[in-house]
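This report describes selected features of one protein structure. It treats aromatic pairs, charges over rings, pockets, a cavity and individual loop residues in turn.

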Amino acid sequence: MNLSETAFIRKLHPGDDFTKSSRFGLRWFTPAVEVPLCGHATLASAAVLFHIRKNTNSVLTFVTLSGELKARQVEDNIVLDLPLYVTHPQVLQEVEELIKAAVGDMVVQDVRFSPDTMNLLVRLSDTYKRSVLEELQVNAQGFLSAEKTGKVKGVILTLKGDSSGKHDFYSRYFSPWCGVLEDPVTGSTHAVLGSYWSEQLGKKEMLAFQCSRRGGELKISLRSDGRIDIAGQFAVVVKGNLTL
């Protein structure tokens with residue numbers, strides 16, 4: 001469908017109903033590959049079931065490649081229950097060329113790797129402001145030749161929030177390996193970012209902003225069961241029928 005990502009909802013049993021059932025299968029695809037997790041396509045799927053198909057359940061469960069994911073409505077938001085992914089310190093020399101391709105000579109404060117998501121997290125110096133991350137010109141296609149380890153499938157650039165602003169941290173996300181030069185807003189990367197920034201800031205509740213051209217705000221809550229709630233809003237912008 002040439003979008004990152006396209007979600008496909010399916011019935012798990014012949015007698016299931018999109019209006020009455022509470023469990024569905026869910027798969028996500030970039031323009032190039034199937035991916036194991038996509039937060040915003042899950043939010044969109046829940047929004048369609050709740051608001052277009054008028055599903056009557058308070059909680060929906062999606063059976064996915066990342067296990068069972070739950071979605072519920074809380075006021076104007078849809079809240080996703082996602083896995084929480086930890087990061088580990090990354091040896092700079094192994095990814096130095098990739099980082100240079102991403103941020104040039106900018107000062108990098110920390111580098112982490114998430115083996116579960118194959119994402120490299122690059123934290124820029126706290127001296128930078130949000131506008132620096134927003135205005136950074138990134139040639140994500142160049143990441144493909146700069147990545148030498150064979151393990152990285154996505155690059156997260158992140159920055160601590162300004163003391164004068166309302167957001168705890170900012171980010172941008174690039175995954176040319178999956179056919180996505182830059183993702184507008186990425187729920188799954190915030191399952192990584194939530195873990196990292198909770199550790200750095202000593203907070204369980206955070207407000208994040210992804211600084212793509214379109215941009216998006218995410219409410220994050222780390223749970224006592226080792227998972228993460230990520231809340232966001234939705235808007236239906238187009239409807240149609242796909243004929244096979």
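## Aromatic pairs

Trp 197 is buried, with a relative accessible area of 0%; buried here means under 20% relative accessible area, exposed over 50% and partly exposed in between, with a 1.4 Å probe and protein chains only. The structure is a predicted model, in which local features need pLDDT of at least 70 and side-chain atom pairs count only at pLDDT 80 or more, while totals for chains, interfaces and linings use all residues. Residues are numbered from 1 along each chain as its sequence is written, and side-chain values use heavy atoms, with hydrogens and water left out.

The whole structure contains 6 aromatic pairs. Rings of Phe, Tyr and Trp (its six-membered ring) pair if their centres lie within 6.5 Å; planes under 30 degrees apart count as stacked, over 60 as edge-to-face and the rest as tilted. In one of these pairs, the ring centres of Phe 143 and Phe 174 are 6.0 Å apart and the planes stand at 75°, so the arrangement is edge-to-face. Because Phe 143 belongs to helix α4 and Phe 174 to strand β11, this pair ties together parts that are 31 residues apart in sequence. Helices (H or I, at least four residues) and strands (E, at least two) are DSSP runs, numbered from the N terminus. Both Phe 143 and Phe 174 are buried. Tyr 196 and Trp 197 also form an edge-to-face pair, at 5.2 Å centre to centre with 80° between the planes. Tyr 196 is buried, with a relative accessible area of 0%.

## Charges over rings

A charge sits over a ring if NZ of Lys or CZ of Arg is within 6 Å of the ring centre and within 35 degrees of the ring normal. Arg 130 lies over the face of Phe 209, at 4.4 Å from the ring centre, and Lys 151 lies over the face of Phe 113, at 4.5 Å from the ring centre.

The largest pocket has a volume of about 2,000 Å³. Its lining comprises 48 residues, and those closest to the centre are Leu 3, Glu 5, Ala 7, Ala 44 and Val 48. On a 1 Å grid over the protein atoms alone, a pocket is an open set of points with protein on both sides within 12 Å along at least five of seven lines, a cavity is a set of points where a 1.4 Å probe fits but cannot get out, and lining residues have an atom within 4 Å of a point. Grid points are joined across faces, edges and corners, and a volume is the space filled by probe spheres set on the points. Helix α1 gives the largest share of this lining, 9 residues. At least two residues each come from β1 (6–11), α1 (39–52), β12 (180–183), β14 (216–222) and β15 (227–232). By residue class, the lining of the largest pocket holds 27 nonpolar, 13 polar and 8 charged residues; Ala, Val, Leu, Ile, Met, Phe, Trp, Tyr, Cys and Pro count as nonpolar, Asp, Glu, Lys and Arg as charged, and the others, Gly among them, as polar.

The lining of the second largest pocket divides into 11 nonpolar, 11 polar and 5 charged residues.

## Cavity

The structure has 1 cavity of 30 Å³ or more, and the space in the largest cavity is about 30 Å³. The residues that line the largest cavity are Gly 39, His 40, Leu 43, Leu 80, Gly 187, Leu 218, Ile 230, Ala 231 and Gly 232. The elements α1 and β15 give two or more residues to this lining, which divides into 5 nonpolar, 4 polar and no charged residues.

## Loop residues

Glu 75, in the loop between β5 (67–74) and β6 (77–83), has a positive phi of about 55° although it is not a glycine. Glu 75 is exposed, with a relative accessible area of 78%. Met 118, in the loop between β8 (108–114) and β9 (119–124), has a positive phi of about 60° and is partly exposed at 31% relative accessibility.

Lys 148 lies in the loop between α4 (143–146) and β10 (154–160) and is exposed, with a relative accessible area of 55%. Lys 148 and Glu 94 are 54 residues apart in sequence and 7.5 Å apart in space, C-alpha to C-alpha.
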